Amino acid sequence: MRGPDDRHPGDAETARRIADGDRVALATVYRAHHTRIFGTLYRLLGDAAAAADVTHDAFVRAWESAAYFRGEAGLGTWITRIGINLALKQLRRERWMTGFQQDETAGPAAVRPVSLDALELDRAIRALPEALRSVLVLHAVEGYSHPEVAELLGISEAACRQRLHRARMRLAGTLAEED
């Protein structure tokens with residue numbers, strides 16, 4: 001899990017070096033952040049190959065856009081944001097292509113405690129609609145705060161809190177059905 005602030009004093013300098021074509025600087029950033037970014041994207045996409053592709057694309061975009069890094073967040077967070085945007089775009093494209101629409105307002109009538117294993121939980125998270133899954137993964141799994149999740153996803157904090165609540169309710173309902 002990430003800390004509350006992953007900014008490092010050298011992030012701006014590292015981004016400048018990457019913008020200047022320094023492959024060693026990019027490789028250093030890649031080694032420091034790719035595992036966390038891949039994990040986040042895997043939980044969003046639910047597919048290891050897709051997450052690997054999007055992780056790669058995020059680092060390519062970071063390479064191409066490093067000159068635009070403003071230092072408002074850590075370099076790892078900035079690249080994670082790029083990856084999340086790419087993953088959400090891919091999910092929207094897939095949903096559009098399949099014509100899939102899922103009602104986000106439906107929730108379980110009653111929620112009760114359940115016992116589960118990691119595979120059940122992973123399956124249940126992947127079954128959530130994109131909007132709910134992304135908030136749940138970023139907040140509950142990756143440790144981003146509500147303001148950070150809202151900023152990453154381009155939604156209000158109120159929408160973030162509401163989606164997190166819906167995600168938890170859906171998860172509990174799904175897990176209760178499997179029990």
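**Figure 1. Leu 26 is counted as buried, at 16% relative accessibility.** Buried denotes under 20% relative accessible area, exposed over 50% and partly exposed the range between (1.4 Å probe, protein chains only). The model is predicted: local features require pLDDT of at least 70 and side-chain atom pairs pLDDT 80 or more, whereas totals for chains, interfaces and linings use all residues. Residues are numbered from 1 along each chain as its sequence is written, and side-chain values use heavy atoms, without hydrogens and water. Leu 26 lies in helix H2; helices (H or I, at least four residues) and strands (E, at least two) are DSSP runs numbered from the N terminus. Apart from neighbours within four places in sequence, Leu 26 is in contact (heavy atoms within 4.5 Å) with Ile 18, Phe 59 and Trp 63. Between Leu 26 and Trp 63 the C-alpha to C-alpha distance is 7.2 Å, although 37 residues separate them in sequence.

**Figure 2. Helices H1 and H2 cross at roughly 130°.** Their axes come within 7 Å; axes are lines fitted to C-alpha atoms, for helices over the stretch in contact, with angles from 0 to 180 degrees between N-to-C directions. H1 is therefore oblique to H2, the class left over when angles under 35 degrees are roughly parallel, over 145 roughly antiparallel and 65 to 115 roughly perpendicular. From H1, Thr 14, Arg 17 and Ile 18 meet Ala 25, Leu 26 and Val 29 of H2. This contact of H1 with H2 comprises four nonpolar, one polar and one charged residues. Here Ala, Val, Leu, Ile, Met, Phe, Trp, Tyr, Cys and Pro are nonpolar, Asp, Glu, Lys and Arg charged, and the others, Gly among them, polar.

Figure 3. When neighbours within four places in sequence are set aside, the contacts of Leu 75 are Asp 11, Thr 14, Ala 15, Ile 18, Val 29 and Phe 69. Val 29 is 46 residues from Leu 75 along the chain, yet the C-alpha atoms of the two residues are separated by 8.0 Å.

**Figure 4. The largest nonpolar core contains 46 residues.** Such a core is a set of buried Ala, Val, Leu, Ile, Met, Phe, Trp, Tyr and Cys residues joined through side-chain atoms within 4.5 Å. Within this core, Leu 41, Leu 75, Ile 79, Ile 84 and Leu 153 touch the most other members. At least two core residues come from each of H1 (11-19), H2 (23-45), H3 (48-65), H4 (75-98), H5 (118-127), H6, H7 and H8 (157-178). The greatest contribution is that of H4, with nine residues. Ile 84 touches Thr 40, Leu 41, Leu 44, Leu 138, Leu 152 and Leu 153, residues up to four places away in sequence being excluded.

Figure 5. Beyond residues up to four places away in sequence, Gln 90 touches Leu 45, Ala 50 and Val 54.

**Figure 6. Helix H6 (residues 130-141) has nine of its 12 residues buried and is therefore largely enclosed by the rest of the structure.** The buried residues of H6 are Glu 130, Ala 131, Leu 132, Arg 133, Ser 134, Val 135, Leu 136, Val 137 and Leu 138. After H6 comes Gly 143, which has a positive phi near 85°.

**Figure 7. Helices H2 and H6 pack at an angle of about 145°, their axes lying 9 Å apart.** On the H2 side, Thr 40, Arg 43 and Leu 44 meet Arg 133, Ser 134, Val 137, Leu 138 and Val 141 of H6. By class, the residues of this contact of H2 with H6 are four nonpolar, two polar and two charged.

**Figure 8. Helices H6 and H7 (residues 146-153) pack at an angle of about 140°, with 10 Å between their axes.** H6 and H7 are therefore oblique to each other. Ser 134, Val 135, Leu 138 and His 139 of H6 form the contact with His 146, Val 149, Leu 152 and Leu 153 of H7. Five of the residues in this contact of H6 with H7 are nonpolar and three are polar, with no charged residue.

**Figure 9. The chain as a whole has eight helices and zero strands.** From the N terminus, the order of elements is α-α-α-α-α-α-α-α. Of the 179 residues in the chain, 41% are buried. Among contacts between residues at least 6 apart in sequence, 73% join residues at least 24 apart.
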